[in-house]
Amino acid sequence: MTVNPTANLRSFWGSVGRVFAVFFPQGRKAKRTRFFFLFSFLPVAVSLVIKFNQILSGKPAGGNGYLFNNLIMLFYLQLIILILALFYGTSVCSEEIEGKTLPYLITRPIPKAAVVLGKYAAYTVVMAGMVIVGLLFSFLVLNLDRLDDPAVYRILGRYLGVLVLGGMAYGALFTFLGSFLKRSIFFGLLFCFGWENVIQYFPGSTQRLAIAHYLKSFLPATSSGRFSILTFRLEPTQPGPALLMLLLITAAFLTLACLFFTKKEYILDD
């Protein structure tokens, strides 16, 4: 019997699509999504406070671009993306084990790797949707006086791309952690607020050991004389290599997650 690799590959990606179709609406309607949606709107609340303060005090809005580029992006890039990717990424594999639903999945004619990739894609789209909506509202609130300037839309597009890439890379890493660690959220928190928030400020090539380094390499350079929270001590990588590294990180951790989830024999607790 001749094996057709093209047909097998088509069947595999069809399985990924079916898993996505099941888990995307589930992830969108889940109770935790409502909570995280409100959480992702924290920078919007900050933007509204800043705007109302400017209106009441009569101060000019000239510094809003700087506030958006630094304060609002700081919330998204170093807090919200990390938290969302951690909880959604680790749940790709761990919720099937902890919820004891794994036997129902593996008895279906769907490869385990397709389950991982389909759920990862579904949760990444849910996560990206929340972040994009929140960032757009923050942008509109703080840039009402500059909406006729095409340059601000180029910056917005770049920031949206950075956050989506961040969600993909961090989500892949935490999917990998969730595939073999029981306390994956604990170790993920150590990574997020320990390693990732410290190593990026080290000088030289050491900072390239942080995913945040490659994300921040896409941020626009600040004008001289201005202190930027996000790009403090940053020695950026060129956009091309930075994009390649983020895609390689995503692909590598997803591959490892699929291998662990496929090969490991999970023991379900009573």
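Let me start with how elements are assigned here: helices (H or I, at least four residues) and strands (E, at least two) are DSSP runs, numbered from the N terminus. On that basis, the chain comes to ten helices and zero strands. Read from the N terminus, the order of elements is simply α-α-α-α-α-α-α-α-α-α.

A word on the ground rules, friends. This is a predicted model, where local features need pLDDT of at least 70 and side-chain atom pairs count only at pLDDT 80 or more, while totals for chains, interfaces and linings use all residues. Residues are numbered from 1 along each chain as its sequence is written, and side-chain values use heavy atoms, with hydrogens and water left out.

Now to burial. I call a residue buried under 20% relative accessible area, exposed over 50%, and partly exposed in between, with a 1.4 Å probe and protein chains only. Of the 270 residues of the chain, 44% count as buried.

Please find helix 6, residues 112-142, on the screen. Helix 6 has 31 residues and reaches 45 Å from its first C-alpha to its last. That is close to the 45 Å expected at 1.5 Å a residue, where the expected span is 1.5 Å times one less than the number of residues. Helix 6 is also mostly covered, with 23 of its 31 residues buried.

Let's move to the charges. In general, side chains of opposite charge can pair when their charged atoms come close. My cut-off for a salt bridge is a side-chain nitrogen of Lys or Arg within 4 Å of a carboxyl oxygen of Asp or Glu. The structure holds two salt bridges. In one of them, Glu95 pairs with Arg32, and the closest N and O atoms are 3.7 Å apart. This pair links distant parts of the chain, with Glu95 in helix 4 and Arg32 in helix 2, 63 residues apart. Glu95 is partly exposed at 24% relative accessible area, and Arg32 is partly exposed at 27%.

Glu95 also forms a salt bridge with Lys119, the closest N and O atoms being 2.6 Å apart. Lys119 lies in helix 6 and Glu95 in helix 4, so this pair ties together parts that are 24 residues apart in sequence. And is Lys119 buried or exposed? Lys119 is buried, with a relative accessible area of 0%. Through shared partners, the salt bridges join Arg32, Glu95 and Lys119 into one network.

Arg32 has another contact worth a look. Arg32 lies over the face of Tyr123, at 5.3 Å from the ring centre. The rule is that NZ of Lys or CZ of Arg must be within 6 Å of the ring centre and within 35 degrees of the ring normal. Lys112 likewise lies over the face of Phe261, at 6.0 Å from the ring centre.

That brings us to the rings. Rings of Phe, Tyr and Trp (its six-membered ring) pair if their centres lie within 6.5 Å; planes under 30 degrees apart count as stacked, over 60 as edge-to-face and the rest as tilted. By this rule the count comes to 16 aromatic pairs. One of them is Phe36 with Tyr88, a tilted pair at 5.7 Å centre to centre with 50 degrees between the planes. Phe36 lies in helix 2 (residues 31-40) and Tyr88 in helix 4 (residues 64-98), so the pair ties together parts 52 residues apart in sequence. Phe36 is buried at 6% relative accessible area, and Tyr88 is buried at 1%.

For an edge-to-face example, take Phe186 and Phe187, at 5.4 Å centre to centre and 75 degrees between the planes. Phe186 is partly exposed at 47%, and Phe187 is partly exposed at 39%. Going back to Tyr123, ring pairs link that residue with Phe35, Phe36, Phe87 and Tyr88 into a cluster.

Last stop, the surface. Which residues form a nonpolar patch there? Leu48, Phe52 and Ile55 do, with about 300 Å² of accessible area together. Ile55 sits in helix 3, residues 42-57, and is exposed at 56% relative accessible area. Patch members need over 30% relative accessible area and no salt bridge; like charges are joined within 9 Å, and nonpolar side chains (Val, Leu, Ile, Met, Phe, Trp, Tyr) within 5 Å. The areas come from the Shrake-Rupley method with a 1.4 Å probe, and for residues, only the protein chains shown count as cover.

Thanks, everyone!
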